[in-house]
Amino acid sequence: MEKCYLGIDIGSISTKGVIIDKNNNILASSYLYTEGSPIKAVKRLIKELKNNIDLNKYQVVSVGTTGSARKLIGVLLDASIVKNEITAHATGTTSLYPHARTILEIGGQDSKITILNNGLVVDYAMNTLCAAGTGAFLSSQAKRLGVDVNDFGTIALSSKNPTKIAARCTVFAESDLVHKAGCGYKKEDIIAGLCYSVANNYLNNVGKGKKILPPIIFQGGVSKNIGVQKAFKDILKEDIIVDKNGHLMGALGIAILSWKSKYEKEVENEGVKY
């Protein structure tokens, strides 16, 4: 039976999990909403992962947890390693993009920036106070405008003249959006303006004072929004890399760290080598 390693990233909005082999290949993955209960979410996550892997062929030998509920879930699952999101995301990202210098991350309720040098974290910042640059903000504005947030990016790209939306905070942004809509601005221009608002808010708050160098990796749920992708590219005047598994980077990273922890422990205690 082949050994494999489980990594779980438990956030306030979503819970992600991956199972990898010793070569960091993803054997199974799952992404679902936390819905206010990390324990129930992880139970559902593990059930999904079990359904997506051949348990007669693979055996999970170690578990790692990261995210806001990492300590709680780490205790429940007897995790071999528990690490913060910065470390986990950096590990996952550099396993795929070893030359990455900047990680931009925007999730459902918070955002982060990580600066790397030769694969090591040299600086970072987190923003958990202002919601104007997060997925929750975009979702609420999509509802206000009567569109599906999943269509935001496509609609934004159809804009010829993005409307400037105040990016200082949620209250100002929402007030400005209502005002612009009342003035007759086109919906696609307002949506494009919101995408630029998110990017500017992020750079003026989380990214303030940081030297953002390429290669730049954009992660988190908002990274799937092609309108926000374009906004960052236009503002930074650099290419923005969005990996198809970008939403799983934290889970991938902690799975890799779990594998390393297991390997080091077995080598130290038993002299076992893979």
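This is a predicted model: local features need pLDDT of at least 70, side-chain atom pairs count only at pLDDT 80 or more; totals for chains, interfaces and linings use all residues.

Reader: How are two packed helices described, and what are the values for H4 and H7?

Author: Two packed helices are described by the angle between their axes together with the distance between those axes. Here helix H4 (residues 135-145) packs with helix H7 (residues 187-205) at an angle of about 170 degrees, and their axes lie 11 Å apart. Because angles over 145 degrees count as roughly antiparallel, H4 is roughly antiparallel to H7.

Reader: Which residues of H4 and H7 meet?

Author: On the H4 side they are Phe137, Leu138, Gln141 and Leu145, and these meet Lys187, Ile190, Ile191, Leu194 and Val198 of H7. Sorted by class, this contact of H4 with H7 has 7 nonpolar residues, 1 polar and 1 charged.

Reader: Which residues does the cis peptide bond join?

Author: That bond joins Pro214 and Pro215, with omega at about -5 degrees, and Pro215 has its place in the loop between H7 and strand S9 (216-219).

Reader: What is the phi of Asp78, and where is Asp78 found?

Author: Phi of Asp78 is near 55 degrees, a positive value in a residue other than glycine, and Asp78 is found in the loop between helix H2 (70-76) and strand S5 (81-82).

Reader: Which residues make the nonpolar surface patch?

Author: Ile13, Tyr31 and Tyr33 make this patch of about 290 Å², and Tyr33 belongs to strand S3 (residues 26-33).

How values were computed: Residues are numbered from 1 along each chain as its sequence is written. Side-chain values use heavy atoms; hydrogens and water are left out. Patches are made of residues with over 30% relative accessible area and no salt bridge: like charges are joined within 9 Å, nonpolar side chains (Val, Leu, Ile, Met, Phe, Trp, Tyr) within 5 Å. Accessible areas come from the Shrake-Rupley method with a 1.4 Å probe; for residues, only the protein chains shown count as cover. A salt bridge is a side-chain nitrogen of Lys or Arg within 4 Å of a carboxyl oxygen of Asp or Glu. Helices (H or I, at least four residues) and strands (E, at least two) are DSSP runs, numbered from the N terminus. Axes are lines fitted to C-alpha atoms, for helices over the stretch in contact, and angles run from 0 to 180 degrees between N-to-C directions. Angles under 35 degrees count as roughly parallel, over 145 as roughly antiparallel, 65 to 115 as roughly perpendicular and the rest as oblique. Contact means heavy atoms within 4.5 Å. Ala, Val, Leu, Ile, Met, Phe, Trp, Tyr, Cys and Pro count as nonpolar, Asp, Glu, Lys and Arg as charged, and the others, Gly among them, as polar.
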